[in-house]
Amino acid sequence: MAQYDALFVTIEKPAIAQLLRDNDTFAYMRVGGPNPMLIKKALSAAGQVPAERCAIPPGHGSDDSLLDAAGSGRLYLLDYAGLGDIAPTGAVNKPLTGTGYGYAPIALFARPKSGRSLVPVAIQCGQDPAVSPIFLRVDDATNTEAYWAWQSAKTAVQVADFNYHEMFVHLGRTHLMSEAFAMATQRQLASRIR
């Protein structure tokens, strides 16, 4: 964190930097961030949650479970399967930056029985449950191994969200789509009206 803080010498560090580990902020960014249309309601645990790609954990609270949340319309799915080959399994050797990793995670969110805000419940960092374990939400920082595994899984979702936005929403739906019309307009309309 000291290396990150050292980057902000001439400008102020963004306020959101203090909330990066917060689970509520993480959930808010799924609906208030750049890709709010990507999250979908899971109509049933067997129906929309891709069982062949995501192993559903048994529960997320003492009086609630994911299956119950799915059955009552309170379960939401965020699936980055569209990243495909952009997120290969395993390490990738990048010429400029060295070894790197890309993920196409699946994240589950639930709305509590007595609440309106989404709660992050579980994250699987890859599309294959045999290779990618599920990380469950951890709020207790004293359980350091589970806490930092959860924070790492949230980071994988944040990075995938950014990659999805830049590749599909920004580049694909903005530049590649509109620039085709701009080129066609330039080539097909008369240069001057007589």
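**Close-up 1. Surroundings of serine 132 in the predicted model.** In this predicted model, serine 132 touches Gln124, Cys125 and Gly126, when residues up to four places away in sequence are not counted. Serine 132 is found in the loop between β6 (119-124) and β7 (134-136), and a polar atom of its side chain lies 3.3 Å from the backbone nitrogen of glycine 126. With a relative accessible area of 13%, serine 132 falls under the 20% limit and therefore counts as buried.

**Close-up 2. The largest nonpolar core and the contacts of leucine 78.** The largest nonpolar core has 23 residues, and those with the most contacts inside it are Leu78, Tyr80, Leu83, Phe109, Ile123 and Val157. At least two residues of this core come from each of α2 (23-32), β2 (75-79), β5 (106-110) and α4, with α4 giving the most, namely seven residues. Leucine 78 touches Arg30, Leu38, Ile39, Pro105, Ile106, Ala107, Phe109 and Val157, leaving aside residues up to four places away in sequence. Apart from this core lies another, of 11 residues, which includes Ala69, Ala110, Val121 and Ala122.

**Close-up 3. Helix α2, its N-terminal cap and its buried residues.** The N-terminal end of α2 is capped by aspartate 22, a side-chain oxygen of which lies 3.4 Å from the backbone nitrogen of aspartate 24. Within α2, the buried residues are Asn23, Thr25, Phe26, Ala27 and Arg30, and these buried residues pack against β2, β5, β6 and α4.

Close-up 4. Ile86, Met167, Leu171 and Leu176 form a nonpolar patch on the surface, and together they have about 340 Å² of accessible area. Methionine 167 lies in helix α4, which spans residues 144-188. The relative accessibility of methionine 167 is 38%, a value between the limits of 20% and 50%, so this residue counts as partly exposed.

**Close-up 5. The whole protein, as context for the preceding views.** The secondary structure comes to four helices and seven strands, which follow the pattern α-α-β-α-β-β-β-β-β-β-α when read along the sequence. Of the 194 residues of the protein, 32% count as buried, while the protein exposes about 12,400 Å², of which carbon and sulfur atoms supply 59%. Among the contacts with a separation of 6 or more, 58% are accounted for by residues 24 or more positions apart.

Technical notes
Residues numbered from 1 in each chain as written. Predicted model: local features only at pLDDT ≥ 70, side-chain atom pairs only at ≥ 80, totals over all residues. Heavy atoms only, no water. Buried < 20%, exposed > 50% of the residue type's maximum accessible area, 1.4 Å probe, protein only. Polar contact = N/O pair within 3.5 Å; in protein donor to acceptor, adjacent residues only side chain to side chain. Contact = heavy atoms within 4.5 Å. Patch = residues over 30% accessible without salt bridge, like charges linked within 9 Å, V, L, I, M, F, W, Y side chains within 5 Å. Areas by Shrake-Rupley, 256 points an atom, 1.4 Å probe, with all protein chains shown as cover. Salt bridge = Lys/Arg side-chain N within 4 Å of Asp/Glu carboxyl O. Core = buried A, V, L, I, M, F, W, Y, C linked by side-chain atoms within 4.5 Å.
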